[in-house]
Amino acid sequence: MTKKLILGGARSGKSQYAEAQAIDIAKSKSKELIYIATATADDKEMRLRIKQHAERRGEGWELVEEPLDLAEAIKCFNDESYCILIDCLTLWLSNNLFKDSLPKNKETFLDAFKDSKATILLVSNEVGSGIVPMGELSRQFVDESGCLHQELATICDEVALVVAGLPLLLKQ
């Protein structure tokens, strides 16, 4: 049971890196691949992104779409025979901020994540390297994202930052 946090900027290659890691783990340890997607297809551009992700992944993945309650999704696959890839936490964070459900869902997610017997890889955008946003909601998002990443980094066995498709291992 390994827990990995994979961070990176937009279009950094973090999802491809995470997918390759998950496939390697699944093959070497005979695990089922589970892809938990947090995106919602609210507009044409997002539908295209979702389609591109699905095409790139190919077959062999069980897809679960869960934009809010990651804890319940994780609990459905709480067994050593699974390798779960959750992509992405920043969309999940945004979804919960807009629904005003972050405090409850964050706590239950962290508990389920810590308690899970599955191998779990988390993908998230590193957003704290830029300027401080002007809007209150944008600042809250950056703050919540940074705090979540720090909490997860202490729990995870491995943490990687992907830049230009290249992983920099921060913790292993």
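1. Helix crossing. The model under review is predicted. Within it, helix H4 (residues 89–99) passes helix H6 (residues 136–155) in a right-handed crossing. The axes of H4 and H6 come within 10 Å and cross at roughly 130 degrees.

2. Residues of the helix contact. On the side of H4, the contact is formed by Leu89, Thr90, Trp92, Leu93, Ser94, Leu97 and Phe98. H6 contributes Leu137, Gln140, Phe141, Glu144, Ser145, Leu148 and Leu152. By class, the residues of this contact comprise nine nonpolar, four polar and one charged.

3. The cavity. How many cavities of 30 Å³ or more does the structure hold? There is one, and the space in the largest cavity amounts to about 40 Å³. Its lining consists of Lys4, Leu5, Ile6, Tyr17, Gln21, Glu158, Val159, Ala160 and Leu169. Strand S1 (3–8), helix H1 (14–29) and strand S6 (158–163) are the elements that give two or more residues to this lining. Six of the lining residues are nonpolar, one is polar and two are charged.

4. The largest pocket. This pocket has a volume of about 560 Å³ and is lined by 25 residues. Which residues lie nearest its centre? They are Ser15, Arg49, His53, Asp87 and Leu91. The lining divides into ten nonpolar, seven polar and eight charged residues.

5. Elements around the pocket. At least two lining residues come from each of H1, strand S2 (32–37), helix H2 (44–57), strand S3 (61–65) and H4. H2 gives the most, with eight residues.

6. A cis peptide bond. The bond from Asp87 to Cys88 is cis, with omega near 5 degrees. Cys88 is located in the loop between strand S4 (82–87) and H4. Asp87 is also one of the residues nearest the centre of the largest pocket, and the reader may wish to view these two features together.

7. Arg11 is not a glycine, yet its phi is positive, at about 60 degrees.

How values were computed: Residues numbered from 1 in each chain as written. Predicted model: local features only at pLDDT ≥ 70, side-chain atom pairs only at ≥ 80, totals over all residues. Heavy atoms only, no water. Axes fitted to C-alpha atoms, helices over the stretch in contact; angles between N-to-C directions. Helix = DSSP H or I, 4+ residues; strand = E, 2+ residues; numbered from the N terminus. Left-handed = near helix turned anticlockwise from the far one by under 90°. Contact = heavy atoms within 4.5 Å. Nonpolar A, V, L, I, M, F, W, Y, C, P; charged D, E, K, R; others polar. 1 Å grid on protein atoms, 1.4 Å probe; cavity = no way out; pocket = protein on both sides within 12 Å on 5 of 7 lines; lining within 4 Å. Points joined across faces, edges and corners; volume = space filled by probe spheres on them.
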